[in-house]
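Please read them with the coordinates open.

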Amino acid sequence: SYRSGGTLQGYYVAFSRDQEDKIYVQHRIKQLAVEVWNLLKKVTTRIYVSGSSKRMPQDVRDAFVWVVQTEGNKSPADAEEFVKVLERTGRYSTETWS
């Protein structure tokens, strides 16, 4: 499998429709901030965000910027640039629909 072979380090899900207690992706990212930051520092890490094109993509992206700022001890501008680099280099991808 990808996990036992080391290709997949983690796979996290968040369900906002299938249960009464809504769990959103951006909240899960913040809950796992230390682990997320450690993964973001690795050049092999890839992020794929898919789902509704309404608020979700920006909310998730904002959560990643927050992780970089808080766990990476970066200024807001530097955290934003860090995520922009991930996007420009293909390490952060989104697929959304309405």
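1. Start with α4. This helix has 13 residues and reaches 18 Å from its first C-alpha to its last. That is close to the 18 Å expected at 1.5 Å a residue. Keep in mind that this is a predicted model.

2. Which residues of α4 are buried? They are Ala79, Val83 and Leu86. These residues cover an arc of only 50 degrees around the axis, so they sit on the same side of α4. They pack against α2, β1, α3 and β2. The face turned away from this buried side carries the exposed residues Ala77 and Arg88.

3. Arg88 has a relative accessible area of 58%, and therefore counts as exposed. Its side chain meets that of Glu81 in a salt bridge, at 2.8 Å from N to O. Glu81 is partly exposed, at 35% relative accessibility.

4. How many salt bridges does the model hold? The count comes to four. One of them joins Arg61 and Glu80, with the closest N and O atoms 2.7 Å apart. This pair links distant parts of the chain: Arg61 belongs to helix α3 and Glu80 to helix α4, 19 residues apart. Arg61 is buried, at 11% relative accessibility. Glu80 is partly exposed, at 26%. A network of salt bridges links Arg61, Glu80 and Glu87.

5. Asp59 and Arg55 also form a salt bridge. Their closest N and O atoms are 3.4 Å apart. Arg55 is exposed, at 61% relative accessibility.

6. Now take Arg91, in the loop between α4 and β2 (92-97).

7. What does the side chain of Arg91 have within reach instead? A polar atom of that side chain lies 3.1 Å from the backbone oxygen of Thr45. Beyond its neighbours within four places in sequence, Arg91 is in contact with Leu39, Leu40, Lys42, Val43, Thr45, Arg46, Ile47 and Leu86. Among these, Leu86 is one of the buried residues of α4, and Leu40 is a buried residue of α2.

8. Helix α2 (residues 33-40) has four names on its buried list: Ala33, Val36, Trp37 and Leu40. They cover an arc of only 100 degrees around the axis, which puts them on the same side of α2. These buried residues pack against α1 (25-31), β1 (47-52), α3 (56-71) and α4.

9. Asn73 has a phi near 50 degrees, a positive value in a residue other than glycine. Asn73 sits in the loop between α3 and α4. Its relative accessible area is 69%, so Asn73 is exposed.

10. Last, Gln31 in helix α1. At 56% relative accessibility, Gln31 counts as exposed. Gln31 and Arg88 are 57 residues apart in sequence. Their C-alpha atoms are 26 Å apart in space.

Technical notes. Residues numbered from 1 in each chain as written. Predicted model: local features only at pLDDT ≥ 70, side-chain atom pairs only at ≥ 80, totals over all residues. Heavy atoms only, no water. Helix = DSSP H or I, 4+ residues; strand = E, 2+ residues; numbered from the N terminus. Polar contact = N/O pair within 3.5 Å; in protein donor to acceptor, adjacent residues only side chain to side chain. Contact = heavy atoms within 4.5 Å. Buried < 20%, exposed > 50% of the residue type's maximum accessible area, 1.4 Å probe, protein only. Arc of directions from axis to C-beta. Expected span 1.5 Å × (residues − 1).
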